[in-house]
Amino acid sequence: MPVYNEKDFIPKQAPGRFPATWEFQTQAPSNIAIIKYWGKKGMQLPMNASLSFLLPQSLTTTKASARLSDKISDKVKFTFLFDGKENASFSKKIAVFFERIVHYVPYVKRYEWTFESENNFPHSAGIASSASGFAALSKILIRLERTLYPEADEILLYHKTSFLARLGSGSASRSVTGTVAVWGTHPGIPGSNDLYAIDYPFEIHREFRRMTDLILLLEKEKKEVSSTTGHGLIDKHPFKHPRIDQARNNLSRLSEALQQGDWDSFGQITENEALTLHAMMMTSNPYFILMQPETLRWISLIWDFRNKTGIPVYFTLDAGANLHLIYPDVYEQKILSGLDELTQAEKIINRIRL
Ligand code: DP6
């Protein structure tokens with residue numbers, strides 16, 4: 001598997017011809033990190049390698065309509081509609097995205113764009129909607145690149161999709177790959193690099209073949225501190241270097257557990273990463289807390305249930321209060337009857353298939 005560098009993603013020549021109008025609709029899933037990305041350097045490069053699972057039922061759908069423009073401007077001209085309405089804060093993020101990527105996709109300037117986007121899950125609630133959103137946009141641009149450059153190398157375009165998505169939101173780089181993605185250089189993962197995410201390259205044990213990520217929607221309000229702000233606090237964080245070491249070791253151990261079918265180690269690392277993420281938030285300057293009383297109440301319910309039954313059900317957290325429960329599908333009935341509040345709780349279920 002070749003590892004590409006930044007220059008490889010710059011088109012070598014202008015396309016032969018541009019269609020006058022162009023339309024494309026696509027979907028991209030969100031993802032849940034098991035090893036967390038928290039802290040970045042340079043232009044959207046991760047401080048440590050992360051590993052995630054796609055959430056195949058938590059999707060952004062985006063339709064793009066492009067019209068060839070008479071004038072080429074420096075800025076990309078676009079209108080972005082979310083749920084049918086213009087959304088100033090999303091549009092601002094997308095404008096920044098285009099500024100960062102235009103060098104690699106200069107052909108986008110030739111068009112005036114309309115994007116219509118929607119999620120099938122609540123956004124800004126600690127479920128990575130920016131991940132699926134930027135992943136969908138990047139898939140659209142790469143589809144156009146494929147049309148303009150029919151000879152382009154498929155593998156390069158596959159990685160370029162993740163490379164572009166990363167420049168929108170780091171976690172988005174992991175939403176355009178296969179089910180298990182690794183983003184960031186790690187000595188034990190061949191091909192891993194900071195510029196784009198890759199498919200986890202080793203065979204995963206059949207123990208993990210059918211598992212569920214159940215998101216408990218404990219809080220649907222917009223969270224008060226964005227991930228981007230949180231990442232920004234890591235540079236001066238007193239635990240920055242220990243965290244880099246911990247993430248590297250956790251990814252090495254997780255990789256072993258995935259290959260050996262070891263749910264106990266998998267779960268222990270998963271919860272350790274989730275709690276570390278929130279511990280980093282609580283110990284940054286300024287410090288903040290994204291967990292809510294309900295988050296802690298559920299963590300203790302899960303721990304009690306697991307201690308009593310030995311059933312492998314573990315939790316993880318994104319940058320928010322909502323808990324993700326991860327377990328092998330075969331235990332679902334027992335988990336639902338043992339944790340009976342789960343039946344009533346508002347939840348999103350994703351079936352992860354390896
Ligand atoms: C806690 O990818 O949302 O979900 O790159 O600034 O857009 P930006 O941050 P973002 O950070 C996600 C952080 C996380 C952990 C993870 O998904 O790895």
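Helices (H or I, at least four residues) and strands (E, at least two) are DSSP runs, numbered from the N terminus. I worked on a predicted model, in which local features need pLDDT of at least 70 and side-chain atom pairs count only at pLDDT 80 or more, while totals for chains, interfaces and linings use all residues. Residues are numbered from 1 along each chain as its sequence is written, and side-chain values use heavy atoms, with hydrogens and water left out.

**Entry 1: backbone angles**

Most residues other than glycine have a negative phi, and most peptide bonds are trans.

I found Asp83 in the loop between strand S5 (77–82) and strand S6 (85–86). Asp83 is not a glycine, yet its phi is positive, at about 50°. For accessibility I used these cut-offs: buried means under 20% relative accessible area, exposed over 50%, and partly exposed in between (1.4 Å probe, protein chains only). Asp83 has a relative accessible area of 45% and is therefore partly exposed.

I then turned to Gln44, which sits in the loop between strand S2 (40–41) and strand S3 (45–46). Its phi is also positive, near 60°. Is Gln44 buried or exposed? Gln44 has a relative accessible area of 5%, so I recorded this residue as buried.

I also noted a cis peptide bond from Asn285 to Pro286, with omega near 0°. Pro286 belongs to the loop between H6 and helix H7 (293–309).

I located Thr79 in strand S5. Its relative accessibility is 30%, so Thr79 counts as partly exposed. Contact means heavy atoms within 4.5 Å. Leaving aside residues up to four places away in sequence, I listed Glu86, Trp113, Thr114 and Phe115 as touching Thr79. From Thr79 to Ser132 I noted 53 residues in sequence and 19 Å in space, C-alpha to C-alpha.

Next I considered aromatic rings. Rings of Phe, Tyr and Trp (its six-membered ring) pair if their centres lie within 6.5 Å; planes under 30 degrees apart count as stacked, over 60 as edge-to-face and the rest as tilted. How many aromatic pairs does a search of the whole structure find? The search gives 23. One of them joins Phe82 and Phe90 edge-to-face, with 5.0 Å centre to centre and 85° between the planes. Phe82 and Phe90 are both buried. I also recorded one aromatic cluster whose members include Phe18, Trp22, Phe78, Trp113 and Phe115.

**Entry 2: helices H5 and H6**

Two packed helices are described by the angle between their axes and the distance between the axes. Axes are lines fitted to C-alpha atoms, for helices over the stretch in contact, and angles run from 0 to 180 degrees between N-to-C directions. For H5 (residues 240–260) and H6 (residues 263–282), I noted axes that come within 9 Å and cross at roughly 160°. Angles under 35 degrees count as roughly parallel, over 145 as roughly antiparallel, 65 to 115 as roughly perpendicular and the rest as oblique. H5 and H6 are therefore roughly antiparallel.

Among the residues that meet, I listed Arg243, Gln246 and Leu254 in H5 and Phe266, Ile269 and Thr276 in H6. I checked Thr276, which lies in helix H6, in particular. Its relative accessibility is 11%, so Thr276 counts as buried. Apart from residues up to four places away in sequence, Thr276 touches Arg243 and Gln246.
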